Amino acid sequence: MNSGVFALWRWEALWNARTEFIDAFFVTVKVSVFALILALFLGVLFGLFSSGTNKILKGIARCYVEFFQNTPLVLQVLFMYYGLLYAGVDLSKEQIGVIGLGVYTGAYISEVVRTGITSIPYGQTEAALSQGFTHLQAMRYIILPQSVKIALPPLVNQMVALIKNTSVLAMIAGGDLMYRSNAWASNGTLSYGPAYLTCGILFFAICFPLTYFAKRYEQKLKNRANSSEREVGAK
Amino acid sequence: MKKIISVILVIAMMLCFASCGGNTEVTVEDIKARGVLRVGIKDSLIGMGYLDPATGEYSGLEIDIARKIAEEMGVEIEFLVVTPTTRLQMIDSGDIDISLSNFTITEERKMSYHFSAPYYTDAVGVMVLKSSGINSLEDLNGKTVGVTMSSTSAQSLKNYLGEGYELSFDEFEDHAAIKLALSAGAIDAHCVDTVVLSTYMDDTTMILEDRFAAQPFGVVSKLSNTELNAYVDALIEKWLNDGTIDALREANGLLPSFEG
C-alpha cells in the first residue's frame, strides 16, 4: 500500500472521521463568535477611554492594553487553565477560549479604535461643539463615521487573527479544530497530511470570506464618501 | 471566479510540494557514506531515553540500542529529540533515519511506518493523586483522564474496562503538561505506559495496581527504506535472541517486559 503522506486511503480515513472535524469546526466557530463579541465590546469601550479626556479612565485603558499586548497569549491561556484552578475558579475550556481570546484581542482592537478616533483632527470636534453638538453627538455624527473607514482594515485583521488564535486552545485540549486535527493526525494510521491540510482549508474557509466582505464593505464606504463629497462640491 | 481558481491552484501547489519531496530511499550504504546515523529519541524518560540536564549525557535502553546500531554500522550517532507528533514528520522528511522513542507497535500504524520486532514491552498504568480517593480502575467511572496525543493508552483503558464505564479523555502535547493538569486538578488521572508514569511519580501521586494492555515498542523507520529496515530488524532479532537486549534492560533498571 502507498505510504505517502497524502495517499488516497488516508483521505478515506479522514472522510470516515468527518464528524469529529465538523464538531471541532463548530467549536472553533462558536468560540470565535463569542470571543469576537467580547473583543469588540472591550475594544470599543477601552478605545473610547484612551482617546477621551478623563485621566483615570485613560490610565485604566493603558494598563489593560499594555498588559495584554506585551504578554504572550499562550501564557495567558495556560494561566487561565492551570493557574485559576489553584485559585478555585473552574472555567470550561470554551469559556477560557472566549474570555482569553476576547480580552487579548480586545486590547488590540482598543488600539485600533483609539487610532481611528485620534486620526480625525481635533478641530472637527471643536467645530462640532461650537455648533451646539454635545460631546457624544459629535462622536456619533462627525467623528465615528470617519473613524470607521480608517479603522476597518486593521479591525478585520484583528478579527482574523482572533479566529486563527483559537488554535492556542489545542494546548489545553480545547476540542477546537487545531486540537482535533492534532489528535486525529497522531492516532490510528498517523495520517497527519490530510488532517493538517483540511485544518488549514477550514480555517481559510472562515477567514477568507471575512476579509473579502470587509474589503467590499470598506470599498462601499469609500465610494459613498466620494460621491457625497462630489455632491458637496457640486453645490 | 478568478479567485476560486487561484485558491484551487494554491492548494494543488501545496499538495505537489508535499508529495514530491523526500521519496528517495536511504540505504545502509548512504548512512555509512554520510558517517552519521540520525536517531529520534526521547529525553525525558528515565531508563528509556533520558538526557541528564546536569551532565548533558543521554542514557536509557533506547539510547543504548541506538548506540549499538550505530556501532554495528561503524558510524557516528546523532540524537534528535522528538515528540509524538514531530517524529512522524521527521521520519517522512528524512531528518531522522530511525526512531527509538517509546513508539507502540499497532497494526494500523504499520500501514504508515515500519516497525522492528519489539525491543521492550511495557504495560499501561494509571496514576492518580493520593488525595483523589481513586483506588482502583473501577473508581475512574465518570472521570477525566489525561493522555498524550498519538498515544494508544486511551483506547487500551476503554477496552480493558469494557462496557458500562463513562470516561472522558483530554489529549496533551506531552506528559509534563498532563502532570501539571493532574496536580492542578484539571484532570483526575494520568494514563500511559508504566515507564513514563514512573518518571513522573512524586509524593502526591500513586500508580494504581492494575496494569493492562501490552505496549510493544519497536524501532520505527520509513516504510520505503526496505534495505535499512531489514538491516535493523536483523540486528534487533539477533540481540533479542542472544540476551543482549535483556542485559541492557536490566542495566537500565527497567522491569522485565510485560506479559499478559
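Q: Is A:Ile206 buried, exposed or partly exposed, and why?
A: A:Ile206 counts as partly exposed, because 17 C-beta neighbours lie inside 10 Å. Being buried would take 20 or more. Keep in mind that this is a predicted model.

Q: Which element does A:Ile206 lie in?
A: Helix α9 of chain A, residues 192-234.

Q: And what is A:Ile206 in contact with, leaving aside neighbours within four places in sequence?
A: A:Val29 and A:Ile163.

Q: What separates the C-alpha atoms of A:Ile206 and A:Gly116?
A: A distance of 26 Å. Along the chain, A:Ile206 and A:Gly116 are 90 residues apart.

Q: Now the helices. At what angle do α2 and α7 of chain A cross?
A: Roughly 140°, with the axes coming within 10 Å. Here α2 of chain A covers residues 18-51 and α7 of chain A covers residues 135-165.

Q: Left-handed or right-handed?
A: The crossing of α2(A) past α7(A) is right-handed.

Q: Which residues make that contact?
A: From α2(A), A:Ser32, A:Ala35, A:Leu36 and A:Ala39; from α7(A), A:Met159, A:Leu162 and A:Ile163. A:Ile163 is also one of the residues in contact with A:Ile206.

Q: How do the residues of the α2(A)–α7(A) contact divide by type?
A: Six are nonpolar, one is polar and none is charged.

Q: Switching to chain B. How many helices and strands there?
A: Chain B has ten helices and 14 strands.

Q: What share of chain B is buried?
A: Of its 260 residues, 41% count as buried.

Q: And what share of the contacts in chain B join residues at least 24 apart?
A: 78%, among contacts between residues at least 6 apart in sequence.

Q: How many residues of chain B touch chain A?
A: 24 residues of chain B are in contact with 21 residues of chain A.

Q: Which elements of chain B give two or more residues to that side?
A: In chain B, they are α1 (2-20), α4 (86-93), α5 (107-110), β10 (168-172) and α7 (175-184).

Q: How do the residues on that side of chain B divide?
A: Twelve are nonpolar, six polar and six charged on the side of chain B that touches chain A.

Note on methods. Residues numbered from 1 in each chain as written. Chains lettered and ligands numbered in written order. Predicted model: local features only at pLDDT ≥ 70, side-chain atom pairs only at ≥ 80, totals over all residues. Axes fitted to C-alpha atoms, helices over the stretch in contact; angles between N-to-C directions. Helix = DSSP H or I, 4+ residues; strand = E, 2+ residues; numbered from the N terminus. Left-handed = near helix turned anticlockwise from the far one by under 90°. Contact = placed C-beta atoms within 7 Å. Nonpolar A, V, L, I, M, F, W, Y, C, P; charged D, E, K, R; others polar. Buried ≥ 20, exposed ≤ 12 C-beta atoms within 10 Å, placed from the backbone.
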